[in-house]
Amino acid sequence: MQKACAKLLTPDDTLVLVGDHSWGKNLEACEPDMAFIMGLPGRKILLRGNHDMFWDAKKTAALNERYAGKLNFLQNNYYAYGDYALVGTKGFTFEGPFYLDRRGRVVGWDEKNEAHAKEIVDRELARLRASFEAARADGRRKYIMFLHYPPTSILEDESCFTRIAEGYRAEQVVYAHSHGETRFHDSLLGEKNGVEYRLVSGDFLKWTPAKIL
Ligand SMILES: [Fe+2]
């Protein structure tokens with residue numbers, strides 16, 4: 001990844017990293033990973049992933065202060081790129097457990113987990129809306145939307161995340177979290193209802209940054 005970034009990026013580029021930056025349990029333990037990211041070329045924008053224990057969503061402003069001029073943390077805010085607003089949040093996708101029949105078809109799932117997932121989705125949706133609205137309040141009308149989790153679960157063709165993308169007419173939804181070939185098609189890929197869906201997990205991209213704009 002370091003080599004690919006050095007080859008493809010210039011200091012004028014913007015690199016959005018959509019989460020799971022470090023396994024560290026707190027910021028001190030994450031410092032080597034933060035230093036690695038800071039060493040990549042260009043302006044770095046980070047989104048929260050499910051493993052990012054160092055990042056308390058309510059303390060994003062403190063992270064932005066601590067790494068001012070070096071790293072940018074996307075949460076309840078947005079970043080401008082030309083005419084575009086880069087908006088986003090971690091998102092959430094219900095991941096089961098699912099119960100399968102002998103032919104591998106989903107015949108049920110853990111309903112308690114599903115109820116809990118709905119609560120997390122509602123919270124993430126509010127954060128995403130805050131990001132869109134911060135951009136809109138500044139007169140921004142063109143959006144690229146970033147999520148860590150895929151926008152839909154394996155049970156869904158659409159979700160509140162796809163609907164908000166369509167509602168704000170986001171041009172692209174960029175997400176990760178799905179690793180390994182068996183997971184690459186868990187969610188949407190390509191164009192749907194005017195929105196382009198892109199998976200950018202590291203192994204899917206073979207650790208080479210994808211050009212979004
Ligand atoms: Fe993840």
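## A partly exposed loop residue

D20 has 18 C-beta neighbours inside 10 Å, so D20 counts as partly exposed. The cut-offs are these: a residue is buried if 20 or more other C-beta atoms lie within 10 Å of its own, exposed if 12 or fewer, and partly exposed in between, with C-beta atoms placed from the backbone. D20 sits in the loop between β1 and α2 (27-38). Its phi is near 60°, a positive value in a residue other than glycine. Most residues other than glycine have a negative phi, and most peptide bonds are trans.

This is a predicted model: local features need pLDDT of at least 70, side-chain atom pairs count only at pLDDT 80 or more, and totals for chains, interfaces and linings use all residues. Residues are numbered from 1 along each chain as its sequence is written.

## Overall build

The protein has five helices and 11 strands. Both are DSSP runs numbered from the N terminus: helices are H or I, at least four residues, and strands are E, at least two. Along the principal axes, the C-alpha atoms fill a box of roughly 50 × 40 × 35 Å. A compact globule of 213 residues would have a radius of gyration near 17 Å; the protein has 17 Å, which agrees. That radius is taken over C-alpha atoms, and the globule rule is 2.2 Å times the number of residues to the power 0.38.

Of the 213 residues, 30% count as buried. Two residues are in contact if their C-beta atoms, placed from the backbone, lie within 7 Å. Among contacts between residues at least 6 apart in sequence, 73% join residues at least 24 apart.

## The largest core

The largest nonpolar core holds 35 residues. Such a core is a set of buried Ala, Val, Leu, Ile, Met, Phe, Trp, Tyr and Cys residues joined through C-beta atoms within 7 Å. L86, Y143, M145 and F146 have the most contacts inside this core. Strand β8 (residues 142-147) gives the most to it, with five residues. What does L86 touch, leaving out residues up to four places away in sequence? The list is V16, I45, L74, Y78, Y79, Y81, I144 and F146.

L86 lies in β5, on one side with Y84 and G88.

β5 (84-89) pairs with β8 in the parallel sense over six bridges. Two strands count as paired if DSSP finds at least two bridges between them. A85 stands opposite Y143 in β8. Strand β4 (residues 79-81) runs antiparallel to β5, with three bridges joining them. Here Y81 has Y84 as its bridge partner. The β4-β5 hairpin has two residues between the strands, and its G82 takes a positive phi near 60°.

## A three-stranded open sheet

An open sheet runs in the order β1-β2-β3, with parallel pairing. β1 (14-17) and β3 (72-74) stand at the edges, each with a single partner strand, so one side of each is left without a neighbour in the sheet. The twist averages 25° from one strand to the next. For such angles, axes are lines fitted to C-alpha atoms, for helices over the stretch in contact, and angles run from 0 to 180 degrees between N-to-C directions.

Four bridges join β1 to strand β2 (residues 43-47). L17 stands opposite L46 in β2.

## Helix α4

Helix α4 (residues 111-137) has 27 residues; at 1.5 Å a residue it should span 39 Å, and its end C-alpha atoms are 38 Å apart, which agrees. The expected span is 1.5 Å times one less than the number of residues.

Which residues of α4 are buried? They are E124, L128, S131, F132 and A135. An α-helix has 3.6 residues a turn, so residues three or four places apart point the same way. The cover over the buried residues of α4 includes β5, β8 and α5 (160-167). Just after α4, G139 takes a positive phi of about 85°.

## Further backbone features

G96 and P97 are joined by a cis peptide bond, with omega about 10°. P97 lies in the loop between β5 and β6 (98-100).

N193 also has a positive phi in a residue other than glycine, near 50°. N193 is in the loop between β10 (190-192) and β11 (195-199). With 10 C-beta neighbours inside 10 Å, N193 counts as exposed.
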